[in-house]
Amino acid sequence: MTMSINEHRPHEPTGAGLGLEPQPTPVAPTDAQALREAFGRFPSGVIAVCGMVDDRPVGMAVSSFTSVSLTPPLVSVCLQTSSRTWPKLRRLPWLGLSVLGEQQGEVCRALAGAEETRFAEVRWETTGEGAVVLPGAVTWYTCTLRAELPAGDHTIALLEIDRLWTLPSAEPLVFHGSRFRRLGDSDRSAVPA
């Protein structure tokens, strides 16, 4: 559904900001492709969620990762309900989360590929607890699953962080507009929050 900016409904923006800048085009949220493209306008990092299952690494790439709480230390990830990997990982006592670094686009593609070959070319390490983390990542977390919440065609997994390691000078892999991107030069493009 497309309508002109003049055909606004009471809950749509009007008047303010109607200058020279481009305006968004209204689209029905039931249009799956349009909704996917709209969600893709928000840049995100990419997280590898991994663990050891039957003495082998199992994992997947996830782009919906959110910090939730400092006390207790909680994060969340969203996983498709159709995932065949999450049911294997959710049973584990420990999970490793790796925030992929800017050079790890191929790692992300591998972890989004066929489950049986995901780790064929991906380097990995295991912690003493059995969480799997990936060298080259900018941050590692070891976590335990605390809760799951059904959310449409996804499940929101709430994870409690036990330990973390970070490389402050490393840059993350950024996923935006269905492409991998890099952050700009932080000295020139950063704006204080």
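Predicted model: local features only at pLDDT ≥ 70, side-chain atom pairs only at ≥ 80, totals over all residues.

Me: Thanks! Does Trp-165 count as buried, partly exposed or exposed?

Reply: Residues are numbered from 1 along each chain as its sequence is written, and side-chain values use heavy atoms, leaving out hydrogens and water. Buried means under 20% relative accessible area, exposed over 50%, and partly exposed in between (1.4 Å probe, protein chains only). At 32% relative accessibility, Trp-165 is therefore partly exposed.

Me: How are the rings of Trp-140 and Trp-165 arranged?

Reply: Rings of Phe, Tyr and Trp (its six-membered ring) pair if their centres lie within 6.5 Å; planes under 30 degrees apart are stacked, over 60 edge-to-face and the rest tilted. Here the centres are 5.9 Å apart and the planes of Trp-140 and Trp-165 at 70 degrees, so the pair is edge-to-face.

Me: Which residue forms a salt bridge with Arg-146?

Reply: A salt bridge needs a side-chain nitrogen of Lys or Arg within 4 Å of a carboxyl oxygen of Asp or Glu. For Arg-146, the closest N and O atoms are 2.8 Å apart, and the partner is Glu-160.

Me: Which residues are linked with Glu-129 in a network of salt bridges?

Reply: Arg-163 and Asp-162 meet in a salt bridge at 3.8 Å, N to O. The network joins Glu-129 with Asp-162 and Arg-163.
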